[in-house]
Amino acid sequence: AAPALPKPAAAPAAPAATTTFVGDRTERRTKMSRMRQRVAARLKDAQNTAAMLTTFQECDMGNYMEFRNRHKDAFQDKHGVKLGFMSVFVKAATAALQEIPAVNAYIDDDAKEVVYRDY
């Protein structure tokens, strides 16, 4: 007869702390209230069943266009690439995330928690 296999060790209990360290980055977890869970489920249902539309946010790019026209040739000579719009978009997105960090949060469905990324 084959020897009996040892029983696997029980999984350790989840830590009580709600902050997780990922390198130099931290995440905070907060339990979702029943109402928040319901709102999230309804929003996801609406996203899955309704027509998807695109929203445009307008901004005045006049100052950047003037800056770009003044410096595009020197920039291309120095760096070998054209001075485009991505750098302005990244700068604006970075500023928005620093001002409103909750934009970078996500919902962990399994744990029913909102995970706020503090980075």
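User: How much of the protein counts as buried?
Analyst: Of its 119 residues, 9% count as buried. Keep in mind that this is a predicted model.

User: Okay. How many helices and strands are there?
Analyst: Three helices and four strands.

User: And in what order do the elements run from the N terminus?
Analyst: The order is β-β-α-α-α-β-β.

User: Strands next. How do β2 and β4 pair?
Analyst: They pair in the antiparallel sense, over five bridges. Strand β2 covers residues 25–31.

User: What about β3 and β4?
Analyst: Antiparallel again, with three bridges. Ile-107 stands opposite Val-114 in β4. The two strands form a hairpin, and four residues sit between them.

User: Which residue in that turn has a positive phi?
Analyst: Lys-112, at about 55°. Lys-112 is not a glycine, yet its phi is positive. The loop that holds Lys-112 runs between β3 (106–108) and β4 (113–117).

User: Is Lys-112 buried, partly exposed or exposed?
Analyst: Partly exposed, because its relative accessible area is 40%. The exposed class begins over 50%.

User: Switching to charges. How many salt bridges does the structure hold?
Analyst: Five. One of them joins Asp-108 and Arg-29, at 2.9 Å from N to O. That pair links distant parts of the chain: Asp-108 is in strand β3, Arg-29 is in strand β2, and 79 residues separate them.

User: Why does Asp-108 count as buried?
Analyst: Its relative accessibility is 17%, and the cut-off for buried is under 20%.

User: You mentioned Lys-31 and Glu-113 as bridge partners. What do their side chains do?
Analyst: They meet in a salt bridge, 3.8 Å from N to O. Lys-31 lies in strand β2 and Glu-113 in strand β4, so the pair ties together parts 82 residues apart in sequence. That 3.8 Å falls inside the 4 Å limit for a salt bridge.

User: Which end of that pair is buried, and which is exposed?
Analyst: Glu-113 is buried, with a relative accessible area of 13%. Lys-31 is exposed, at 62%.

User: Where is the kink in α2 centred?
Analyst: On His-71, with an angle of about 55°.

User: What comes just after α2?
Analyst: Gly-80, which takes a positive phi of about 80°.

User: Let's do the surface. Which residues make the nonpolar patch?
Analyst: Met-35, Val-39 and Leu-43 make a nonpolar surface patch of about 320 Å². Met-35 sits in helix α1, residues 34–49.

User: Is Met-35 buried or exposed?
Analyst: Exposed, because its relative accessibility is 64%. The exposed class is over 50%.

User: Last topic, α3. Where is Leu-97?
Analyst: Leu-97 is in helix α3, which covers residues 86–99. Leu-97 is partly exposed, with a relative accessible area of 35%.

User: How far is Leu-97 from Tyr-119?
Analyst: Their C-alpha atoms are separated by 8.8 Å. Along the chain, the two residues are 22 residues apart.

Definitions and conventions:
Residues numbered from 1 in each chain as written. Predicted model: local features only at pLDDT ≥ 70, side-chain atom pairs only at ≥ 80, totals over all residues. Heavy atoms only, no water. Patch = residues over 30% accessible without salt bridge, like charges linked within 9 Å, V, L, I, M, F, W, Y side chains within 5 Å. Areas by Shrake-Rupley, 256 points an atom, 1.4 Å probe, with all protein chains shown as cover. Buried < 20%, exposed > 50% of the residue type's maximum accessible area, 1.4 Å probe, protein only. Pairing = 2+ DSSP bridges. Bend = angle between axes of the 7 residues up to and from the residue.
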